[in-house]
Amino acid sequence: MLQQSDHQISGTILIADDSAANRELLQELLTTQGLTVIAVGDGAAALKELSRTQIDLVLLDVMMPHLNGFEVCQKIKNNPETYLIPVIVLTALSGKKDRLEGIKVGADDFLSRPVDRTELLARVRSLLRLKQRTDELERAESVLFTLARSIEGKDPYTHGHCERLAEYCTCLGHHLKLPEDHVIALSRAGVVHDIGKIAIPDAILLKPGRLTPEEWTIIREHSVLGERICAPLKSFRFVLPIIRHHHEKLDGSGYPDGLHGEEIPVTARILQVVDVYDATTDRPYKKAFSVADALQTMKEEVAKGWWDPHIFHEFERLVASGAFGLLSRGTAAGR
């Protein structure tokens, strides 16, 4: 990956250009800077290379056979496995229409031919730095997700809870037409919402019977602790309110802040509903509810003023439609 020096950069660059002369020129320029370069002659070959090699940046010519540069860029940016890879479009086209097309398909930068050596290296260096920071962020997120799953793994009754909640939340978020960044936050929160339980003693967390008032006080700290653990990640800015507030109730009787009604973020209200639903399965001290019984119990809790009635109604519709049919409910860490 990229080194810290302003002059020394490293990474793997993929060049896609149907002109052998252009490929050779770019390859020579970039390899002399310590970069690893893979060069292919068309868009289809570029996509194939991306599927088998870890690439840090892509240089795309626009006019190529089979798939042009715009089409390749769009496929890269639409693929969850590759959309974070920076793409520079190289083109002799200078019209506004072509630039707008590049922006539309998600290109990160543009260079006009003939390529200026100094400008190319500056753009490559800048985007490789950005890619490094993105990779570091992904590693940090991965650590948090692993930690969250390790907490779930302590209790055999919570197996699969994180993955189910992430899928339930994503499905319900899309159904409610939430902005995409909020849907992504819901998916992440489904996994990490209980990460604060890492600080709760196992004797309390895994206690098979009812908790004492003192034990409840301790376990209720997990939502604030979870927010604190995840706070350093700026990419989690929409996740933090879900972690903190997923145990609030509309009537103000929840924790940690006793929020009422719409004071509770809508994303937290969504996770509440799916978390409660998933919590109606086997526990050491009680048997699972049927789907009908689980929904009936939740209706009664909605009537008490605990959960958002509109969100519950839409969730109930999705359950009835079979949208969650492929997900098997297991035990939730619903305390």
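Between which strand and which helix is the loop that holds Pro114? Pro114 is placed in the loop between strand 5 (109-112) and helix 5, where helices (H or I, at least four residues) and strands (E, at least two) are DSSP runs, numbered from the N terminus. The peptide bond that joins Arg113 and Pro114 is cis, with omega about -5 degrees. A cis peptide bond also joins Tyr255 and Pro256, with omega about 10 degrees, and Pro256 has its place in the loop between helix 11 and helix 12.

The model is predicted, and local features need pLDDT of at least 70, side-chain atom pairs count only at pLDDT 80 or more, while totals for chains, interfaces and linings use all residues. Residues are numbered from 1 along each chain as its sequence is written, and side-chain values use heavy atoms, with hydrogens and water left out.

The protein contains 14 helices and 5 strands, and buried residues make up 47% of its 335 residues; buried means under 20% relative accessible area, exposed over 50%, and partly exposed in between (1.4 Å probe, protein chains only). Its accessible surface comes to about 16500 Å², of which 54% belongs to carbon and sulfur atoms, with areas from the Shrake-Rupley method and a 1.4 Å probe. Among contacts (heavy atoms within 4.5 Å) between residues at least 6 apart in sequence, 66% join residues at least 24 apart.

His66, in the loop between strand 3 (57-61) and helix 3, has a positive phi near 70 degrees, and His66 is exposed, with a relative accessible area of 67%. Lys177, in the loop between helix 6 and helix 7, has a positive phi of about 60 degrees and counts as exposed because its relative accessibility is 72%.

Val72, by contrast, lies in helix 3 (residues 69-78) and counts as buried because its relative accessibility is 0%. Leaving aside residues up to four places away in sequence, Val72 touches Gly43, Ala46, Leu47, Leu60, Met64 and Leu67. The C-alpha atoms of Val72 and Asp42, which are 30 residues apart along the chain, are separated by 9.4 Å.

In soluble globular proteins, nonpolar side chains tend to be buried together. Here the largest nonpolar core has 48 residues, and those with the most contacts inside it are Leu172, Val192, Cys230, Phe236, Tyr277 and Phe315; such a core is a set of buried Ala, Val, Leu, Ile, Met, Phe, Trp, Tyr and Cys residues joined through side-chain atoms within 4.5 Å. Elements that give two or more residues to this core include helix 5 (117-153), helix 6 (161-175), helix 13 and helix 14. Apart from this core lies another, of 22 residues, among them Ala16, Ala46, Val62 and Ile85. Val192 touches Leu144, Phe145, Ala148, Cys230, Phe236, Val239 and Ile243, again without counting residues up to four places away in sequence.

The axes of helix 13 (residues 291-303) and helix 14 (residues 309-321) come within 11 Å and cross at roughly 170 degrees, the axes being lines fitted to C-alpha atoms over the stretch in contact, with angles from 0 to 180 degrees between N-to-C directions. The two helices are therefore roughly antiparallel to each other, a term for angles over 145 degrees. In their contact, Val291, Leu295, Met298, Lys299 and Val302 of helix 13 meet Pro309, Phe312, Phe315, Glu316 and Val319 of helix 14. By class, this contact has 8 nonpolar, no polar and 2 charged residues, where Ala, Val, Leu, Ile, Met, Phe, Trp, Tyr, Cys and Pro count as nonpolar, Asp, Glu, Lys and Arg as charged, and the others, Gly among them, as polar.

Terms used. Parallel < 35°, antiparallel > 145°, perpendicular 65-115°, else oblique.
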